[in-house]
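Hi,

Here's the structure I said I'd pass on. Have a look at it first, and then read my notes on the ring pairs and charged side chains below.

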Amino acid sequence: MSFLFAFINYKTNIMNIKNVTVIGTGVLGTQIAYQIAFCGYKVTVYDVTQKNLDNAKVRFKELGEIYKKDIAATNEQVDFAISNISYSLDLAEAVKDADLTSESIPESLDIKKDFYTQLSKVAKPDAIFTTNSSTLLPSKMAGSVEKPERFLALHFANNIWKQNIGEVMGHAGTDPKIFNAVLDFAKSIRMVPIAIHKEQPGYIVNSLQVPFLNAAIDLYAGGVADPETIDKTWMIGLNAVKGPFASIDIIGLTTLYNVTKLRAESGDEKAAIAVQVLKDNFIDKNKLGIATGEGFYKYPNPRYMDPDFLK
Ligand code: NAD
């Protein structure tokens, strides 16, 4: 009986997350902060310059409009989200009440390690630290965290409000209770929590997606078929709404180009050919995907959305 009481008490304590600090207010940090505030938590956002915080404020307004359009959010919900957000340029001030932190700073191991050393000095002793890093494994950063058992990844997808997965992945030293608490937290902010039980570069989504996109690039650059034919084949054959090249346009050609360059540098001959094809036909011509109005398709009305495309 007393064990049960202790357990319930522990669970209540561990899930007593009220205040969240989001570190870094770039592409993903703003989305994460807004989503968490939208779900009723008090959120402090922290970045290194006032300009970034000012930009974040503008972005939150834009996200409100997007939420109204995409998920039928009401004016009250949007105002509520904004009212839950405060801003800080001082790390110690930003995290003084944080029960959980969500970090979205640049994808550099040195920057992240340095940040976690600083954060460990000023955060509450029982705070949970989460990273949104897409490619750096938690175990690579855990050595810079004072309480590594309270550190793990909570990884979001771009367009968090509709592509709402929260991939939760610890390192070998993460406390299982913290892992479960973060799964619960992810659910509470309307993510579908995805438990990843072993460190895996790329989590689940990118472990599946990256080889798929690499294969598409190699088929095209190797002269096997053109991008529209490859997309069409995938869409009809797998009953999919879009093919790999439509996805690359969304992600951005620059990212795919960088990934292909890394593959080429590791000795992959197909990738070496693909690097040149991508550079000559897309990168040098500023056809970088939706962001520049053209990539493999022209926007706003890409061919793959044409009803005749699959005929
Ligand atoms: P971004 O460049 O848009 O934003 C990074 C922000 O961090 C900037 O506002 C920058 O000023 C700030 N920053 C830099 N150093 C800082 C520090 N020491 N303390 C606080 N803030 C600092 O980057 P992003 O695309 O939002 O990516 C951030 C993280 O999220 C990366 O780890 C990335 O892997 C991950 N992620 C990105 C995406 C994506 O689609 N962009 C998706 C999932 C995960």
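A salt bridge here means a side-chain nitrogen of Lys or Arg within 4 Å of a carboxyl oxygen of Asp or Glu. Keep in mind that this is a predicted model.

Another one pairs Lys 68 with Glu 65, at 3.2 Å from N to O. These two sit 3 residues apart in helix H3 (residues 50–71), so about one helical turn separates them. Then there's Arg 263 with Asp 268, at 3.3 Å. Is Arg 263 buried or exposed? Arg 263 is buried, with a relative accessible area of 13%, whereas Asp 268 counts as partly exposed at 26%.

Now the rings. Searching the whole structure turns up 18 aromatic pairs. In one of them, Phe 282 and Phe 296 have ring centres 4.4 Å apart and planes at 45°, so the pair is tilted. Phe 282 belongs to helix H13 (residues 269–283) and Phe 296 to the segment after H13, so the pair ties together parts 14 residues apart in sequence. Both are buried.

Ring pairs also link Tyr 34, Phe 38, Phe 60, Tyr 67, Tyr 87 and Trp 161 into a cluster. Over the ring of Tyr 87 sits the charged end of Lys 57, 4.6 Å from the ring centre.

Cheers

Terms used. Residues numbered from 1 in each chain as written. Predicted model: local features only at pLDDT ≥ 70, side-chain atom pairs only at ≥ 80, totals over all residues. Heavy atoms only, no water. Phe/Tyr/Trp six-rings, centres within 6.5 Å; stacked < 30°, edge-to-face > 60°. Helix = DSSP H or I, 4+ residues; strand = E, 2+ residues; numbered from the N terminus. Buried < 20%, exposed > 50% of the residue type's maximum accessible area, 1.4 Å probe, protein only. Lys NZ or Arg CZ within 6 Å of the ring centre and 35° of its normal.
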